[in-house]
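Thank you for asking me to look over this model. My comments are set out as numbered points, to be read with the structure at hand.

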Amino acid sequence: MRQVVLDTETTGLEPERGHRVIEIGAVELIDRRLTGRRFHKYLRPDRDIDPAAVEVHGITLDFLADKPRFAEIAAEFIEFVSGADLIIHNAPFDVAFINVELSRLADAPVPDIQRACGIIDTLAMARHRHPGQKNSLDALCRRYGVDNSSRDLHGALLDAEILADVFLMMTGGQAALFSAELESSSDEAATTTLTRLSGDRLRLKVIVATDAELAAHQQRLDEIARIAGAVVWRNTGEQSEQVTNR
């Protein structure tokens, strides 16, 4: 399974008003492992950058003056991401910008990025898993114990690398018991980490009920059945036995 975690930086927020992509950063995952392969380009936008955008990412026109245009790296970019699932935080934003860039090309490798890749939106995923909570990338780093201390400014490659760690934590199984309770007091302070247990650790002792205890349990269920007419625990036990025997 090949996945590419991707982020972009732009001149502003509205591609339909001519704003452009000025940085693309992407890292490759194969079978949920970072391979070390990455794609990273700064791009000359041929337009001004909004001051508010510069405050976010710190990228200036002077810095981009000698960088390639999107058209010059489009084929290389599509080759890198082609066939993968793109993992993006707030995917509609980045996808819209990339598709507008592709639409500007006379000989675009693909008409839109969805023709080359699947799309996984980690913001939508986080909102589903943590409704009512903050789900920015920084908030998810705090929630899943991912170190983002080097993230003073937004940067496409750095954010892609951080998002890869968040995605693996978010989809790697149970990260914390009762995480909703941890977050209810303060999302800012809630921090959970995933601890992997050693394979040679001492195993928990399994205590099996005795015949006398099983008989007493059944007797108690019979008493509940006479009063309530149905016993949920007995039905659940029967279903579990059927699943085990399949």
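Is Glu14 buried, partly exposed or exposed? The first point takes this up.

1. Please keep in mind throughout that this is a predicted model. Glu14 counts as partly exposed, because its relative accessibility is 31%, and that value lies between the cut-offs of 20% for buried and 50% for exposed. The side chain of Glu14 meets that of Arg17 in a salt bridge, with 3.3 Å from N to O, and Arg17 is exposed, at a relative accessible area of 61%.

2. His19 lies in the loop between strand 1 and strand 2, and yet His19 is buried, since its relative accessible area is 7%. The side chain of His19 makes a polar contact of 3.5 Å with the side chain of Arg47, and a polar contact, also given as 3.5 Å, joins it to the side chain of Asp50. Once neighbours within four places in sequence are left aside, the residues in contact with His19 are Thr11, Gly12, Leu13, Glu14, Arg47, Asp50 and Phe97, so the partly exposed Glu14 belongs to the surroundings of this histidine because the two are within 4.5 Å, the cut-off for contact.

3. On the strands, strand 1 (residues 2-10) runs parallel to strand 4 (residues 85-88), and three bridges join them; Val5 has Ile87 of strand 4 as its bridge partner. Strand 4 also pairs with strand 5 (residues 118-121), again in the parallel sense, over four bridges, and here Asp85 stands opposite Gly118. Between strand 4 and strand 5 the chain passes through helix 4 (residues 91-103), and this β-α-β crossover is right-handed.

4. The largest nonpolar core holds 27 residues, and Leu6, Ile24, Phe70, Phe77, Val81, Leu86 and Ile113 are those with the most contacts inside it. Two or more residues come from each of strand 1, strand 2 (21-30), helix 3 (70-81), strand 4 and helix 4, and helix 3 gives the most, with seven residues. Phe70, when neighbours within four places in sequence are left aside, is in contact with Ile24, Leu43, Phe77, Glu101, Leu102 and Leu105. A second, separate core has 20 residues, among them Ile87, Met125, Leu140 and Met170. As general background, nonpolar side chains tend to be buried together in soluble globular proteins.

5. The side chains of Glu28 and Arg37 meet at 3.0 Å, N to O; Glu28 counts as buried because its relative accessibility is 3%, whereas Arg37 is partly exposed, with a relative accessible area of 44%. The side chains of Asp66 and Lys67 form a salt bridge at 2.9 Å, N to O, in which Asp66 counts as exposed, at 62% relative accessibility, while Lys67 is buried, at a relative accessible area of 18%. The value for Lys67 should be read with the cut-off in mind, since buried means under 20%.

Technical notes: Residues are numbered from 1 along each chain as its sequence is written. This is a predicted model: local features need pLDDT of at least 70, side-chain atom pairs count only at pLDDT 80 or more; totals for chains, interfaces and linings use all residues. Side-chain values use heavy atoms; hydrogens and water are left out. Two strands pair if DSSP finds at least two bridges between them. A crossover is right-handed if, with the strands pointing away from the viewer, the path from the first strand over the helix to the second runs clockwise. A nonpolar core is a set of buried Ala, Val, Leu, Ile, Met, Phe, Trp, Tyr and Cys residues joined through side-chain atoms within 4.5 Å. Buried means under 20% relative accessible area, exposed over 50%, partly exposed in between (1.4 Å probe, protein chains only). A polar contact is a pair of N or O atoms within 3.5 Å; within protein, one must be able to donate a hydrogen and the other to accept it, and residues adjacent in sequence count only if both atoms are side-chain atoms. A salt bridge is a side-chain nitrogen of Lys or Arg within 4 Å of a carboxyl oxygen of Asp or Glu.
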